[in-house]
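Colleague: I would like to go through this chain with you. Could you put it up, please?

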Amino acid sequence: MRILVTGAAGYVGSMLIEPLLQAGHNVLGYDSLVHGGKSLQDLFIHDNFEFERGDLRETEKVQRLFNDWKPEAVIHLAAIVGAPECDANVPLTEAVNYDASVQLADMAKAAGVKQFVFTSTCSNYGVADISRLATEEDEVNPVSSYADTKVRFEQYLKEQTGGDFAPVTLRLSTVYGVSRRMRFDLLINEFVRDAYVNRELEIYAGNAWRPMVHVVDVARAIVRLLELDASAVAGEIINIGNNDFNVQKMDLAKQVGEVVGETEVTIASETQDPRNYRVSFDKMEKVLGMTAERSPRQGMEEIFQALRGDIFADTYVQEYKNRGCNINILGSFAS
Ligand SMILES: NC(=O)c1ccc[n+]([C@@H]2O[C@H](COP(=O)([O-])OP(=O)(O)OC[C@H]3O[C@@H](n4cnc5c(N)ncnc54)[C@H](O)[C@@H]3O)[C@@H](O)[C@H]2O)c1
């Protein structure tokens, strides 16, 4: 299949392209390169990979992708990612995560694209009843502009389902693992980095639950989804993770200490983040016939090995985090 991947250079996107190519697909990556393009460097050896730099909000440019390259499927990853980043830039978040996403879906549908895969987030569950696992049928409870735009675009996609257009929303758990575009602002990655570099961890809301998933398992799930009959999953929402990878932050910190070695853990009493949710991944197992395999513990080991190998010169630089970077770079590159 010919697959357009938006956000191709990002933490998830740069780890998805190779599995898509290996599955026999042709991939066109599209990304404004907020964090640069180094993550794509080793992918150009594949004949079936192409890339175009551009912003989702560039209507004519995006339309040209559909007219000229003729994708048969779209995987929509590009977004302003993370609650702090989005809350600091609400109009931009609305413009990219909602308005430009709606435009992309409309163009895809008009161009006859069948499969449209959207990566949403389990953050949509916000503050949930933690006595049980939240399912896709449960009410969502977004507590940030990030989750709010994700929930509304999910709804829009659902309403567009029909005819040949078969969108699917994947609600990802918090992702971890080493990526071509490394992020150290994701919970497990950050914990391992802080424990390794500083021998100390500061935890906010230590009792809060979060579902976790390895970036490689996210890629596996997307590749698997594309193998299914699109009409059988049209309009569906599927949580991506593993029931056993719902973890309390305190427990994660303990495991990180076991992997990295002696680490002082400080519990911070104040937190701006009220999120607390445990999530069910039964539907993923039923529909995709797979579950996430690479455990948080394995992810911690792998990040620890990368840090020990000293492959990141300074893990605290802007390159490795979303918060604080210049995300509104439209116009700073040729269109
Ligand atoms: N990483 C996680 O833990 C996680 C969890 C749940 C959902 N998700 C979702 O997965 C997707 C990918 O997340 P990620 O972790 O790879 O984030 P990321 O920030 O690493 O990647 C996002 C990519 O989108 C690009 N981008 C941003 N604005 C753009 C625009 N206006 N036009 C074109 N490109 C633009 C950036 O350059 C970047 O390469 C996002 O939709 C995110 O909401 C991620």
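Colleague: What radius of gyration does the chain have, against that of a compact globule?

Modeller: This is a predicted model, in which local features need pLDDT of at least 70, side-chain atom pairs count only at pLDDT 80 or more, and totals for chains, interfaces and linings use all residues. Residues are numbered from 1 along each chain as its sequence is written, and side-chain values use heavy atoms, with hydrogens and water left out. The radius is taken over C-alpha atoms, and the globule rule is 2.2 Å times the number of residues to the power 0.38. With 335 residues a compact globule would be near 20 Å, which agrees with the chain's 19 Å.

Colleague: What percentage of the residues of the chain count as buried?

Modeller: Buried means under 20% relative accessible area (1.4 Å probe, protein chains only). Of the 335 residues, the buried share is 55%.

Colleague: How far does helix α8 reach from its first C-alpha to its last?

Modeller: Helices are DSSP runs of H or I with at least four residues, and strands are runs of E with at least two, numbered from the N terminus. Helix α8 covers residues 249–260, which is twelve residues. The expected span is 1.5 Å times one less than the number of residues. For α8 the expected value is 16 Å, and the helix reaches close to that, at 16 Å.

Colleague: Which elements do the buried residues of α8 pack against?

Modeller: The buried residues of α8 include L252, V256 and V260. Contact means heavy atoms within 4.5 Å. The partners are α6, β8, β9, β11, β12 and α10.

Terms used. Buried means under 20% relative accessible area, exposed over 50%, partly exposed in between (1.4 Å probe, protein chains only).
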